[in-house]
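Morning, everyone. Please have a look at the chain on the screen, and then I'll walk you through a few spots.

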Amino acid sequence: MKKTILALALMISSLAFAQTGVIKGVVLDKQSENPLEGATIELLNVDVATGVITDLDGRFTLKDVPIGRQSIRISYLGYENSYVPNIEVTTGKDVQLNITLTESFNTLTEVVVTSNSNLDKPKNKMATVSARQFGIEEVGRFSGGRGDIGRLAANFAGVSAPDDSRNDIIIRGNSPTGLLWRIEGIPVPNPNHYSSAGTTGGPVSALNPNMLKNSDFITSAFPAEYGNAIGGVFDIGLRNGNTDDYEFAAQVGAFSGVEATAEGPLGDKGSFLVAGRYSLVGLIGSAGAGTSANPNYGDFSFNLNFGKGKLGSLSLFGIGGTSDIEFLGDNIEADDLFAAEDEDAYVESGFGVIGVKHTIPFGKKSYLRTVAGFSTSSSKYTADRYFEKDTPQETLLLYTKDDEKENRFTFSTLFNSKINNKITFRTGLQYENLALDYSNQDREEQADLDGDGFSDLVTLIEMDESLALYQPFAQGQFRLSKKLTLNAGVHGLYSDLNKQFVMEPRAGLSFEANDKHRFSLGYGLHSQNNPTPILFLNEEINGTPVQSNRDLEFVRSAHYVFGYDVKLGDKWRAKLEAYYQDIDNVPVDRFASSYSTLTEGADFGFSTDAIDLVNNGTAFNQGVELTLEKFFSQDYYVLLTSSFYQSKYTGSDGIERNSPFNNGQVVNLLGGKEWAVGKSKKNKFFADTRITYSGGRYYTPIDLEASRNMGYEVLFDDLAYSQQYDSYFRWDVKLGLKINSKSKKQSHQFYVDMQNVTNKNNIFSRRYNRLTNNIDREDQIGFFPDFGYRFQF
């Protein structure tokens, strides 16, 4: 009998342990980013009060936390309290949090302000307007996202991405080439599979969302530490692994592929985190969405944190990815978005970044952070075309060959000092050296000078070049009063290619009228180097190739932003932003034409005839954005974002035109809910949905008669971007189940994401088909079910 009672007691104890989880993390001063020893963390809404105190390194661990959505409060003498709601606790993985506290404006006052740690405020304390934080939970939660952070960004106000085949991020009417990608504080090339040099998007992201920590997405008037971009900033951070326990995860998904993740302690208070993925369609031989060809892609990521020593903290991080696909004419369907029936095309690409980050504190209020990194990007495209195919005269010729390689070495150093609770100062320098090896040969639109009956294979780009960019900056945060905060600074940009140096002032002012209403103003002057495929394009002069664009000056954009935030109720908020962007110094043709480099990025590659350009073009973007959001609470969330804008440009002909990114309006409605299921109510059934509507893109009409005569597509350049595609509409629905183990540290998640459930035929493009001699309409992806399973242990 005693043995039976003992066994039952042990089983009940085991079940009780299994039905709890762990919340751990670190608490830092927001301005100095140094750890706060002795901060109190309290677990709320539980029967028995539970709390812990942070250690010397600001770390804490809450054990035996009930499974489900939990909330904690963080307090520290002389600091504003922080409240972190709706933390999802599972049995499969410890929750890790990075929490920052703001020192009270007047430390003598007895009034303590309570702030919610929500995603509407960015991690970067110097960002005043047009910025928000995104988390890895959102990447996995939102329907239609495919586990892709680029597609996640498309749900935010000001972003347009009505393209099912690529995750290009179009911000407030700017070309996607205006976006800056940063990983761990250094700029990197396009982090996507099947990318092309100078672009910022691709069909599949090489960034594994399970490697990321909460990061910032900024759409305008960004702080002085960011440069060489006029459109926006995606500032990505990699999370650390578990410093106490070993944890593993296995995952499979239609788009993300087969994945494995491992993490755990490394040395004294250090950690490791590694993850690898490979495409599922490549393994099982199933075609990807939008094409009948089989894409193969894979990536590997790691972050090694060696902990804190006498000389500071050190980490080593890296991401690498490769991809390839073959479009063989005999296997291509007539409606394939990316290939032709009389061509065999081969695509290969690669992306990689490796870096070391070192942070050393100076006292309790300052630190120096240095990051050195090497990144590489490569893309190779080869097309062999059949002439008079399936006839006795069939001829196979190399038609296009494009080989692009970019190697980049970056050194970045930043010194941050909290002078007092009212003033924080930050200054730094970034150095980039880009080594570029481009080669492009093409027969398209070329004459037959050798008389063999076929257009000649002409070398358009042949270069092995390098350029260096230097970017110093200085900025400060000034808390002028308890309600009024000023962020101001200056950014510099110098290129050793054109010997140009510019200084760019930035400023943001925030006024919190009360606990509910906040007003903000932002201004920034931003410059960007022109895309390297344009800078180093060859022009034939007396039989000699000349790079006539290499001395082009930076494109310049002045950003003006007004914002208003209001808290409508518990966890509800609304945000209104109005903006104007004045763009000049844009490269255009020397003769009268509609061309502008701001239209680059509307297609998969860059123009090959944009030679001898001059910086005489202008443009503007203006609009209003409204966000209504209920952060996740009471088991549901709602997000409504809407953008109404105009994007116009003027070429050398002096005519103001729509840009190809001028959709006019974009509306996203997202929502989701969880239901507790099972006897213990520790498992969750969830449903998420997303509805997207966007105005159609503008395009240039095709001159059918000229195209038939020439054998390739000819456009009415004088009517550039004068016609508009039909509007874009898509509805996605995601259903899933989260299961927490009753007896082990394990959890399971299943989902099915039904994308474009109405099977709406959204137009992809109108193209001249040289095989049928007609203009064909090509539609985007129809109904497509994504699925996934994740096992954590």
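Let's start with Gly672, which counts as buried because its relative accessible area is 10%. Buried means under 20% relative accessible area, exposed means over 50%, and partly exposed lies in between, with a 1.4 Å probe and protein chains only.

A word on the source. This is a predicted model, where local features need pLDDT of at least 70, side-chain atom pairs count only at pLDDT 80 or more, and totals for chains, interfaces and linings use all residues. Residues are numbered from 1 along each chain as its sequence is written, and side-chain values use heavy atoms, with hydrogens and water left out.

Back to Gly672. It sits in strand β38, residues 665-677. Strands here are DSSP runs of E, at least two residues, numbered from the N terminus. What does Gly672 contact, leaving aside neighbours within four places in sequence? Asp635, Tyr636, Tyr637, Ala687 and Asp688. Contact means heavy atoms within 4.5 Å.

Next, Arg479. This residue belongs to strand β27, residues 458-479. Buried or exposed, Arg479? Buried, because its relative accessible area is 11%. Its side chain has polar contacts, meaning pairs of N or O atoms within 3.5 Å; within protein, one must be able to donate a hydrogen and the other to accept it, and residues adjacent in sequence count only if both atoms are side-chain atoms. A polar atom of that side chain lies 2.6 Å from the backbone oxygen of Glu103. Another backbone oxygen, that of Asn421, is 3.0 Å from a polar atom of the Arg479 side chain. Not counting residues up to four places away, Arg479 touches several others, including Glu80, Phe105, Lys422 and Leu484.

Now the surface. Leu480, Leu509, Phe511, Phe519, Leu521 and Phe562 make a nonpolar patch of about 510 Å². Patch residues have over 30% relative accessible area and no salt bridge; nonpolar side chains (Val, Leu, Ile, Met, Phe, Trp, Tyr) are joined within 5 Å, like charges within 9 Å. A salt bridge is a side-chain nitrogen of Lys or Arg within 4 Å of a carboxyl oxygen of Asp or Glu. Strands β29 (500-512) and β30 (517-528) each supply at least two residues of the patch. Phe519 is in β30. It counts as partly exposed because its relative accessibility is 34%.

Two strands pair if DSSP finds at least two bridges between them. Strand β5, residues 68-75, has seven of its eight residues buried. On one side, β5 pairs with β2 (residues 40-43), antiparallel, over four bridges. There, Ile41 stands opposite Ile74, and Glu42 stands opposite Arg73. β5 also pairs with β6 (residues 81-89), antiparallel, over six bridges. Gly68 is opposite Val89 in that pairing. The β5-β6 hairpin has five residues between its strands, and Gly78 takes a positive phi near 85°.

β2 has another partner. It pairs with β3 (residues 50-53), antiparallel, over four bridges. Ile41 has Val52 as its bridge partner in β3. Six residues separate the strands of this hairpin, and Asn45 in the turn has a positive phi of about 60°. Which residues of β2 are on its covered face? Ile41 and Leu43, while Thr40 and Glu42 make the uncovered one. In a regular strand, side chains alternate between the two faces of the sheet.

Key:
Accessible areas come from the Shrake-Rupley method with a 1.4 Å probe; for residues, only the protein chains shown count as cover.
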